[in-house]
Amino acid sequence: MIDDSLRGPFYGYGLEEARDLVARSGVRAVAEQALDAIDRINPALNAFVYVDRAQVLRDADRLDALPASERGPLFGLPVAVKDLVDVAGWPVTHGSRLNAARVAGEDAAVVTRLREAGALILGMTLTHEFAYGPTGDISHQGPSHNPHDLDRMTGGSSAGSGAAVAAGLVPLALGTDTGGSVRVPAALCGCVGLKPAHGEVPVQGVHDLAPTLDHVGVLATSADLAWLGWSVLTGRPEPEPVAPQWSWLDIDAVPLVDRRIARAVRALYDEVSENSTVDVSLGNWPEMRGTAGTIMSREAYDVHAHQIDARRDEYDPSTWERIDSGRHIDDAQYDEALRTRGLWRESLQQFLDDDQVLAAPTVGITAPTIGEREMSVDGEPGLSTRIVTNLTVRWNLVGFPAISIPAGELDGLPYGIQLIAKPGCEGALRAATAQVTAAGAPLGRPERA
């Protein structure tokens, strides 16, 4: 659990509690509570990298003055924005020294949608440099810290958003997800992370990492807030719940998964699915990861090719090396990876039923120590940068919607359950989310290991 000293005003809140707080106190008073909590807690977390207190309070006053008929579904709720998404007039650095002086000229499309829904944009949250890392501890502003243990990483790349939401500094935050960057920090920090299907959310004003894998998503203190965020960002009504067909994703062949977490998440799955025996295996995990890696590396290099050599010294060395690796992927290799990705997507679209929801752990470990790269899981050595995305990246490859929900704590650190469905089947995914949430407290469950 998170220490009381690191809990903000929205800690443990669902949508109705957050709305009630705004209704009772007014937007300005809630904004002041959130800003004061950031002043108190952020020095320990390093979740926020920019907050304009004066602008936030002006925006809060403007919202308070709106008549009831003009108040949107997110009215008055403070929302944090990942430092990869443009907010007009604010510095948006992408976590890099290269952009330390950059100021956004206009709001990204997703920020416009949040404002139209009545949200109060509270500040910018830390991202792993250029969003190219799943650990959240490489940024020109330093690492984010996990509110469950300040020596632990948050996961990334939506690092600050995960920490800010888990600590209750905000009820909702924007993140991006190219290989797991919404779901990984959600799982490691103990909040909800929802990645819509690829192409469902506009990306104008969001910095590219690997465009055919990039998704914009949300991190939230509760599932109902996450699904409302999904509705606002997609511009679609929240999906009507449809009874899910539960399936467990066979992960026995996936390396470097702590079997205590696997058993605990399976126990939760058995509870909500009433001991369904439907176990599915969906193809060659290493091949799918390799295909995603080829596409991500080549596309990330293409995004940075104009500056990667001339400004090499301004990148963190680990970020530069990772981006530069895509230089060596030629057109033939890239085209073959795209062709293979298309086959995987078509195969899964045909294999899965419309109401089928797959369940698995989100991340196979709890949060490593900040800076830790080499580690051992059940006696097997591996790199933390690969381990944390073992179970998430394939759903970016095929573009399916996925959500991570807190499932419990192990040795005082949270872990999550991941639910996946086909695009267009969000109704089943939403119903499954509700069943999992009803099975335990929104911010975690006792140890099941």
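## A friendly tour of a predicted model

Reader: How far apart are the end C-alpha atoms of α14, and what should its 13 residues span?

Author: Helix α14 covers residues 426-438, and at 1.5 Å a residue its 13 residues should span 18 Å. The expected span uses one less than the number of residues. The model agrees with this, since the end C-alpha atoms of α14 are 18 Å apart.

Reader: Thanks! Stepping back to the chain, how many helices and strands does it have, and what is its radius of gyration?

Author: The secondary structure comes to 14 helices and 13 strands. For 449 residues the globule rule gives 22 Å, and the chain is close to that, so it is as compact as a globular protein of that length. Its C-alpha trace spans about 55 × 55 × 40 Å along the principal axes. The radius of gyration itself is 20 Å.

Reader: What percentage of the chain is buried, and what percentage of the contacts join residues 24 or more positions apart?

Author: Of the 449 residues in the chain, 62% are buried. For the contacts, take those with a separation of 6 or more. Residues 24 or more positions apart account for this share of them: 75%.

Reader: Now helix α4: which of its residues are buried, and what do they pack against?

Author: Helix α4 runs over residues 109-116, and its buried residues are Ala-109, Val-110, Val-111 and Leu-114. The partners of the buried residues of α4 are the strands β2 (78-82), β3 (120-125), β4 (172-177) and β6 (215-220), together with the helix α7 (223-234).

Reader: Where does Thr-154 lie, is it buried or exposed, and which residues does it touch?

Author: Thr-154 sits in the loop between β3 and α5. At 0% relative accessibility, Thr-154 counts as buried. Leaving out residues up to four places away in sequence, the ones Thr-154 touches are Thr-135, Gly-136, Ser-144, His-145, Asn-146, Ala-159, Ala-163, Val-184, Pro-185, Leu-188 and Cys-189.

Reader: Which residues does a cis peptide bond join, and what is omega there?

Author: The bond joins Gly-156 and Ser-157. Ser-157 is found in the loop between β3 and α5 (159-166). For this cis bond, omega is about 10°.

Reader: Is Pro-196 buried or exposed, and which residues does it touch?

Author: Pro-196 lies in the loop between β5 (192-195) and β6, and it is buried, with a relative accessible area of 3%. Its C-alpha atom is separated by 7.0 Å from that of His-215, 19 residues apart along the chain. Not counting residues up to four places away in sequence, Pro-196 touches Val-201, His-215, Val-216, Gly-217, Trp-230, Phe-400 and Pro-401.

Reader: His-94 and Asp-378 both interest me; is each one buried or exposed?

Author: Phi of His-94 is near 60°, a positive value in a residue other than glycine, and phi of Asp-378 is near 50°, also positive. His-94 has its place in the loop between β2 and α4, while Asp-378 lies in the loop between β10 (374-377) and β11 (380-383). At 5% relative accessibility His-94 counts as buried. At 55%, Asp-378 counts as exposed.

Reader: Finally, what is the volume of the largest pocket, and which element gives the most to its lining?

Author: About 570 Å³ of space lies in the largest pocket. Of the 28 residues that line it, the closest to its centre are Tyr-132, Pro-134, Met-296, Arg-322 and Thr-385. By class, the lining has 8 nonpolar, 15 polar and 5 charged residues. With 6 residues, the element that gives the most to the lining is α9.

Terms used
Residues numbered from 1 in each chain as written. Predicted model: local features only at pLDDT ≥ 70, side-chain atom pairs only at ≥ 80, totals over all residues. Heavy atoms only, no water. 1 Å grid on protein atoms, 1.4 Å probe; cavity = no way out; pocket = protein on both sides within 12 Å on 5 of 7 lines; lining within 4 Å. Points joined across faces, edges and corners; volume = space filled by probe spheres on them. Helix = DSSP H or I, 4+ residues; strand = E, 2+ residues; numbered from the N terminus. Nonpolar A, V, L, I, M, F, W, Y, C, P; charged D, E, K, R; others polar. Buried < 20%, exposed > 50% of the residue type's maximum accessible area, 1.4 Å probe, protein only. Contact = heavy atoms within 4.5 Å. Rg over C-alpha atoms; globule rule 2.2 N^0.38 Å.
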